[in-house]
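Let's take a walk through this one together.

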Amino acid sequence: MTFHAPNLIEEPQPETGTTTVGVLALQGAFLEHINMLRRLGVRATPVRKPEELAPLDGLIIPGGESTTIGKLADRWGLIEPLRAFIAAGKPVWGTGAGLILLAKDIGHTPKKGGAHVEPNRLAVMDIKVDRNAFGRQVDSFEADLPADALPVGGTFPAVFIRAPRIEAVGAGVTPLLHLGDEVVAAVEGHIMVTTFHPELTDDPRLHQFFVEMVRNS
Amino acid sequence: MSTQNGNSQTGTWRVKVGLAQMLKGGVIMDVVTPEQAKIAEDAGACAVMALERVPADIRADGGVARMSDPGMIQRIMDTVSIPVMAKARIGHFVEAQILEAIGVDYIDESEVLTPADEAHHIYKHNFNVPFVCGCRNLGEALRRIGEGAAMMRTKGEAGTGDVVEAVRHARTVLGEIRRLQTMPEEELMTFAKSIGAPYELVKETRDLGRLPVVNFAAGGIATPADAALMMQLGVDGVFVGSGIFKSGDPAKRANAIVQAVTHFNDPKILAEISKDLGEPMVGINVRSLPEEEQLATRGW
């Protein structure tokens, strides 16, 4: 029984990295991303207000509840600044809920009492997503993914929590990792998404991959 | 109990704790109807707790409080896309089996319901669905984690709208962890013995400097300030039971408490969101409660 989200770890010394990556810290597992980035020697800061985006070279939108994060982003005036941040070419990575906020098409989630409509999303990446498609929490799972697409290959320990499913990807989208036939990690230009949660593991390879994207942007 | 299916495994410790990690920085709200569940979701709740009566009503009605009607829980699950939790009585592992069978996302083995066993809790490692349990101190927390709870909440005193017990329990748990961190190694075994906690979990807690699972606050939180107080004390999120739907304007109050948990460290924002919320729930001073009516003492 090992818990992978201890307290926030210390900011690395400034000389270890000039790259600064923000983590949207409205709700969810943001601390886990910050810790992973700091272990890689990257400056990482929580983002709760629009003005906190200014010093950033890249941004992670973490897992959590996508409806909650979307509403909070809207309430605190973050939706348009986030779209501008991405439009300016700054790399962004969404895990789980973050992927749902970034996807252009999440279809409808028909529920008794009317269809869900969610205006509080960024809708910038050309993917079609079915939210919570893998089922409820009892269906949440771990699986080892073939990771040949990463600079250091082998397998990647993926943790899927009430995970969304990528149903279709646009022409400009490059699949990165698969679970069987399904795309579970993908990149479109400077936008990256994973349906699973590398921040819940001790494996820093996807964070390293994203940091390289930020450094090369 | 995890289940292997080809290359993938469900019900592992990591996915159980992982869902709680996704709930952090959020508010879990008690709801008794699908309509309330929708209001909670629209207000930004990160999950709902489906039950037949909120703790304030359980307190007022008396009698035996049991697991809610699975049909009612199912209707709430069909109404919202956020995770749905439900309560089983302490030690009532068959209520837990039923809740797992209908597919709730988390089971709360809760002192708010009338205990089914006055000596033992449910052996929670036997389930694929994760459990959250209440605690008043570190020993109780680590006993529950030892039995398989993947998330904790400090108990507070449910259904009172009085935050004093929530503060007491959070300070006790967090204070004991701080004490543990300065303790020399040769004292750990005796400390584990004195608080009735598994030695390995005492060691793990000392190394982490926190509980080895996500820890929310519960029991008596009624205002955005209460919620931010618990966050500043060091919990990972809050449960609000009677405090929302027993208040004058549930949607507005629910939304304000959600904002308060995100911006718990920003007094200017807290001031703004605390304005004009209408009447809070009518509270009960915990000191006026006779001991046999205090729910937090249930748990062994």
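This is a predicted model: local features need pLDDT of at least 70, side-chain atom pairs count only at pLDDT 80 or more; totals for chains, interfaces and linings use all residues.

Residues are numbered from 1 along each chain as its sequence is written, chains are lettered from A and ligands numbered from 1 in the order in which they are written, and side-chain values use heavy atoms, with hydrogens and water left out.

Let's look at the interface. Chain B puts 58 residues in contact with 47 residues of chain A, where contact means heavy atoms within 4.5 Å. About 4300 Å² is buried between the two chains, with carbon and sulfur atoms giving 55% of that; buried area here is the accessible area (1.4 Å probe) that two parts lose on being put together, summed over both. On the chain B side, B:R14, B:M22 and B:S81 lose the most area to chain A, together 18% of what that side buries.

Now for the charges. Side chains of opposite charge can pair when their charged atoms come close. The rule used for a salt bridge is a side-chain nitrogen of Lys or Arg within 4 Å of a carboxyl oxygen of Asp or Glu. It gives 27 salt bridges over all chains, and 6 across the interface of chain B and chain A. One of these pairs is A:E142 with B:R14, whose closest N and O atoms are 3.5 Å apart. That pair runs between chains, from strand β9 (residues 141-146) of chain A to helix α1 (residues 13-23) of chain B. Helices (H or I, at least four residues) and strands (E, at least two) are DSSP runs, numbered from the N terminus. A:R75 and B:E272 also meet in a salt bridge, at 3.5 Å from N to O.

On to chain B itself. Which angle do the axes of α6(B) and α9(B) cross at? Roughly 115°, and the axes of α6 (residues 138-147) and α9 (residues 199-208) come within 10 Å. Axes are lines fitted to C-alpha atoms, for helices over the stretch in contact, and angles run from 0 to 180 degrees between N-to-C directions. The two helices are therefore roughly perpendicular, a label that covers 65 to 115 degrees. B:L138, B:L142, B:I145 and B:G146 of α6(B) make the contact with B:L201, B:V202 and B:T205 of α9(B).

How values were computed. Angles under 35 degrees count as roughly parallel, over 145 as roughly antiparallel, 65 to 115 as roughly perpendicular and the rest as oblique.
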